[in-house]
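Subject: Structure handover

Hello,

Please find the structure below. My notes on it come after.

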Amino acid sequence: MSVKDRMSGNEAVAYAIRQIDPDVMPAFPITPSTEIPQMVSNYIANGMMNTEFIPVESEHSSMSATIGAEAAGARSLTATSSCGLALMWEELLVAASNRMPCVLALVNRTLSGPININCDHSDSMGARDTGWIQIYAENNQEAYDNMIQAFPIAEDKRVHLPVMICQDGFITSHAVQNIELNEDSEVKEFVGEYEPEEFLLNKGNPVAFGPYAVSNYSMEAKKAQEKAMEDSKEVIISTARKYKERFGRGFELFEEYRTNDADYIMIIMGSAAGTAKQAVDDLRKKGIKAGVLKLRVFRPFPSEEIANALKNCKCVAVMDRTESYNGNGGPLSSEVRAALFEYKIYPEVVCYTYGLSGRDFTVENVYEIFDELSGVSEGNIDIKQHRYINLRTKEEA
Amino acid sequence: MRTDINKINEQTPYEDLTEGLMMFAGGTSKHFKTGEWRTDTPIFDKDKCKQCLLCAPVCPDGCIPVKDSRRSDFDYDHCKGCGICEKACPFGAIEMIPGVEPVRR
């Protein structure tokens, strides 16, 4: 039985953490962090969960303590946002290379500069090659559902990798929306007991984590880690299926919204997918065959699945909420184009950058993009491959 | 999966390495003779030594063996020659000399 409520994304994730009741949560308790550690520490203070909360002096320390606790044998997680994630940088790679199944609740906010606190994906996208599994949410419901699936994915023997659960800053984290919550007992059963095979506090079975590796071992270790990331795809899919069977919600690697017969598909991540879907509904009424592919899992990147999902459309818009400063579009654009090339599927592709540092992204913007896509596919217009949405330029003045 | 790490070597394929290069053993650092990193070497003068044992706990590498409340000569297989023991000794019983060899030239 699910319970209907209304919550912000922060509240939803904190609620999921209470239900998961992990062993240890080290977190930096003030800005740039979110309300999530504060809400969890309230639950702990009120005796509603048993987690050991460690208030630390920085995010460098919160991730270090998460790794240490995880290595000791405790189910551990932390939460942060924006420059807090940047300060964890070194440890993010250590967590993944030491194959720690810990979890990070991330609220996506921009990185400086210019100094700004609003939503974009530059924090987690900057961390995309740290070896973490990355799962993105459109709204509070998905953030909640993804959080509950995080430990079953991370702790699976085929994976043993850390998982980052991402939601859009302010738009999702602070906006209050309706939500369906699972029963505590059902979440507990779904997540299960943590039974690590190897851990530091395992008396009589000494183990050392994270040793120095000379060149003769290091490359093999990295390949083994990469293989675990490849294998995690299957585990992410099966966990999502189990979750859907039990709770009736969710998607696997991505959601395909009205893409079946679509001529034009927009690939997008996070809260803006809702905006895109609204626009698609409106355009469909006018007979325009538009669709949305909302990416849920960015790491591992579902290359083959995305290429297949795009094989029958004429033109694709790839939407990046971060800049790669490579002169060629954002990271999602690079990945999608590489996937299409690899699987020899060649629709027209236009890469758009939108919503940086909290810039609005509206239904009207999506109309304009689909209008451009139809122009491109019919050869009427020739537009730049890499374009900004809602940008003031002399050209457009 | 707990494997015998002695069977892992520089020919081991990546599939057979331990996960995250976990080591299923303790105290493995003593197998690595890191003393050769040293550029200066402490020399122990047992005649000047009063066995006060101020030197042993300040050694960062645990290279001053203590048995039955008495120290013996340095563990040169692991001593890095940092010289902290020399500074700690009130009796001038430890002298730092240049080079990796614990012999006066």
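This is a predicted model: local features need pLDDT of at least 70, side-chain atom pairs count only at pLDDT 80 or more; totals for chains, interfaces and linings use all residues.

Residues are numbered from 1 along each chain as its sequence is written, and chains are lettered from A and ligands numbered from 1 in the order in which they are written.

Domains. Chain A is divided into domain 1 (3–247) and domain 2 (254–388); such bounds come from an automatic or database domain assignment. Taken over C-alpha atoms, the centres of the two domains of chain A are separated by 28 Å. Contact (C-beta atoms, placed from the backbone, within 7 Å) links 25 residues of domain 1 with 20 residues of domain 2 in chain A. On the domain 1 side, H9(A) gives the largest share, 5 residues. Helices (H or I, at least four residues) and strands (E, at least two) are DSSP runs numbered from the N terminus.

Chains. In chain A, 17 residues are in contact with 12 residues of chain B. Helix H9 (residues 215–247) of chain A gives the most to the chain A side, with 6 residues. That side divides into 9 nonpolar, 4 polar and 4 charged residues. Here Ala, Val, Leu, Ile, Met, Phe, Trp, Tyr, Cys and Pro count as nonpolar, Asp, Glu, Lys and Arg as charged, and the others, Gly among them, as polar.

Sheet. Chain A has an open sheet of 6 strands in the order E9-E11-E10-E13-E14-E15, with mixed pairing; strands pair if DSSP finds at least two bridges between them. The edge strands are E9 and E15 (386–388) of chain A. E13(A) and E14(A) (residues 348–353) run parallel and are joined by 6 bridges, and A:Ala317 has A:Val350 in E14(A) as its bridge partner.

Helices on the sheet. H10(A) touches E9, E10, E11 and E13 of chain A, and its direction makes about 165 degrees with that of E11(A). Helix H12 (residues 331–342) of chain A touches E10, E13 and E14 of chain A, at about 145 degrees to E13(A). Axes are lines fitted to C-alpha atoms, for helices over the stretch in contact, and angles run from 0 to 180 degrees between N-to-C directions. Buried residues of H10(A) (20 or more other C-beta atoms within 10 Å of their own, C-beta atoms being placed from the backbone) include A:Ala276, A:Val280 and A:Leu283.

Regards

How values were computed. Two residues are in contact if their C-beta atoms, placed from the backbone, lie within 7 Å. A residue is buried if 20 or more other C-beta atoms lie within 10 Å of its own, exposed if 12 or fewer, and partly exposed in between; C-beta atoms are placed from the backbone.
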